[in-house]
Amino acid sequence: MTVEAFQPNPTSVPASTSGASRPDTQTSTTSTSSQLDYATVPASLEVRPKHAKTVRKKPSITSLHSLDELKYFLEDDDRLTVVKFYAPWCKSCKKLDIHFNNLASKIGDGVVARQMVKGDVRFAQIAFGDATRELMENLKIAGLPTMQLYHRDHKLWNVAGHTNTKSLQSELGRLEALSQNDLEEYGEEIDDGVLNEAVEDSMYDYSFLNEEW
């Protein structure tokens, strides 16, 4: 199997804050030596309390290493699941990592102040290597990086060669309005069957065919 870091023709399954303004403050026309009119203090001099510091969520991205792990991970939850296929030495994959991790931090599971926070979407990744070479071949991963979107064991979307998550975010935005029943029906309609075929093949041992009788 030859894995290329770039794919000139990405494949994809077809689909179809505003900040609050600072209120005007009125300056009192009367003042005394014992009172301080806080409304007249410039915003630049206001002191923000230490607890106002924004705490960033550390994304929880599950690393998978086998077909069984992927199958059980997908079937364990009803939420949409994004799976990234990559290689540690792939430059395009490293570019994608920045955007992928950032998106996972925003909408995926993560840890905040040592507390696990459940997101709207789950994120997983599979690294190319000797142990996962056959897995990627069975899943027909043609190039790296590749991102796939699943609802349980149904593949809804697939793209290869992208170094950002713009197309992924667009697809997630399109699917977020669908109910669980609608996602199930859509998955059954659009799924290419590659995952289920790989799972079925893994249940049988064909090694006896190579034995001499």
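Helices α1 and α6 cross in a left-handed way (left-handed: the near helix is turned anticlockwise from the far one by less than a right angle; right-handed: clockwise). The model is predicted: local features need pLDDT of at least 70, side-chain atom pairs count only at pLDDT 80 or more, and totals for chains, interfaces and linings use all residues. Residues are numbered from 1 along each chain as its sequence is written, and side-chain values use heavy atoms, without hydrogens and water.

The axes of α1 (residues 67-75) and α6 (residues 194-202) come within 11 Å and cross at roughly 130°. Axes are lines fitted to C-alpha atoms, for helices over the stretch in contact, and angles run from 0 to 180 degrees between N-to-C directions. Helices are DSSP runs of H or I with at least four residues, strands are runs of E with at least two, and both are numbered from the N terminus.

In α1, Leu67, Leu70, Lys71 and Leu74 meet Leu195, Ala198, Val199 and Ser202 of α6 (contact: heavy atoms within 4.5 Å).

Now the sheet. Five strands form an open, mixed sheet in the order β2-β6-β3-β7-β8. Two strands pair if DSSP finds at least two bridges between them. β2 (61-63) and β8 (154-160) are the edges; each has a single partner strand, so one side of each lacks a neighbour in the sheet. The twist averages 25° from one strand to the next. β7 (residues 146-151) and β8 run antiparallel, joined by six bridges. His151 stands opposite His154 in β8.

| Helix | Strands touched | Angle with β8 |
|---|---|---|
| α4 (residues 166-175) | β3 (80-86), β6 (121-127), β7, β8 | about 155° |
| α5 (residues 180-190) | β3, β7, β8 | about 65° |
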